[in-house]
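Let's take a walk through this fold together, from its sheets to its core. Keep the viewer open as you read.

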Amino acid sequence: MPGPRALRELRLVNGSTGDPALFVDDPGRDNALLFDCGENAALADDRLADLEAVFLTHHHIDHFIGFDRILRANIDRDKALHVHGPEGTIRKVYQRIKSYEFPFFPFQKIVLEVVEIAPDRLRRARLECARRFPRPRPIESPRSGPVVYRSDGLCVEAALADHTVPCLSYALVEGPAESPDARIAYVTDTAWSESSRPGLLELARGARRLYCDAFYADAQRAQAEKYRHMTATQAAEFAREAGVEELVLIHFASRYRGAYQALVDEARVIFPNTVAEIPAIPSKNPARDAKHR
Ligand SMILES: [Zn+2]
Ligand SMILES: [Zn+2]
């Protein structure tokens, strides 16, 4: 018998500067989780085929474009893949699927269990490949409490974000419900506003790690408000107030390319245990650089 699930791998698929995608796995088992479906070319098909559940924050292209590769990597699997997202998710996932043709192969057995999370209710729909994906018939139920998904040894909570479109933030909680061992919060594409703050604080309270939107520097706070994102300073204030252990900044705007470290430094003034994954800037002309090294 395998022991309890341990989430040993937490991987920002594209670092802090590329499309948002957080891959969470206990390697060797078919139960990986993915928060956001940004570009995921850095994940091999066999890793995507390990997925048990996907959690979309919203449907902007940088959070949803990777969905097709996930479907393709899992289409021959005889399993259910759970897909969660905000209002509109059932229709949008269905439309994405229906943009392809599905010749009937009996081995294409994937079932998508899609759950749409609204403030006060859940809508569920089953999208079945073996039936060539007929139009879904969602079933509604009232929503009570923050938990939206439970699986062997963990649960996932959702809170409403405050973005330009319906948007959610998530927390992964490991361990038994009575005494959870660890909480990992994933918060992106939200303003740090009166409406979002209470739910986000509850979601991230005492987290071992908070992945948080830092799209802008605080000098661009007006843009952050306009486009409903957070600044690095706001992410740090959030981390401090929620009492998290570590803050990982994500989703840096490309306008800061070459100066991403300034966003980390800005947050560290308020919350010292702040990190980010910043790639070295690839050269525009590697051949020339090699000559002049
Ligand atoms: Zn985004
Ligand atoms: Zn967005």
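Two strands are said to pair if DSSP finds at least two bridges between them. Helices (H or I, at least four residues) and strands (E, at least two) are DSSP runs, numbered from the N terminus.

This is a predicted model, in which local features need pLDDT of at least 70, side-chain atom pairs count only at pLDDT 80 or more, and totals for chains, interfaces and linings use all residues. Residues are numbered from 1 along each chain as its sequence is written, while chains are lettered from A and ligands numbered from 1 in the order in which they are written.

The chain holds 9 helices and 15 strands. Its radius of gyration (taken over C-alpha atoms) is 19 Å, close to the 19 Å that the globule rule (2.2 Å times the number of residues to the power 0.38) gives for 293 residues, so the chain is as compact as a globular protein of that length.

One open sheet has 7 strands in the order β9-β10-β11-β12-β13-β14-β15, with mixed pairing. At its edges are β9 (147-151) and β15 (274-275), each pairing on one side only. The other open sheet, also mixed, has 8 strands in the order β1-β2-β3-β4-β5-β6-β7-β8. Here β1 (9-12) and β8 (139-142) are the edge strands with a single partner each, so one side of each is left without a neighbour in the sheet.

| Strand | Partner | Bridges | Facing residues |
|---|---|---|---|
| β6 (residues 111-117) | β7 (residues 121-128) | 7 bridges | valine 114 and alanine 125 |
| β11 (residues 168-174) | β12 (residues 182-187) | 5 bridges | tyrosine 170 and tyrosine 186 |

Helix α7 (residues 232-242) packs on the sheet, touching β13 (209-213), β14 (246-250) and β15, and its direction makes about 150° with that of β13. Angles run from 0 to 180 degrees between N-to-C directions, with axes fitted to C-alpha atoms, for helices over the stretch in contact.

**The core**

Which residues have the most contacts inside the largest nonpolar core? They are Leu210, Cys212, Ala214, Ala235, Leu247 and Leu249, in a core of 84 residues. Such a core is a set of buried Ala, Val, Leu, Ile, Met, Phe, Trp, Tyr and Cys residues joined through C-beta atoms within 7 Å. Buried means that 20 or more other C-beta atoms lie within 10 Å of a residue's own, with C-beta atoms placed from the backbone. The largest share of this core, 6 residues, comes from α7. Of the 293 residues of the chain, 43% count as buried.

Terms used:
Two residues are in contact if their C-beta atoms, placed from the backbone, lie within 7 Å. A residue is buried if 20 or more other C-beta atoms lie within 10 Å of its own, exposed if 12 or fewer, and partly exposed in between; C-beta atoms are placed from the backbone.
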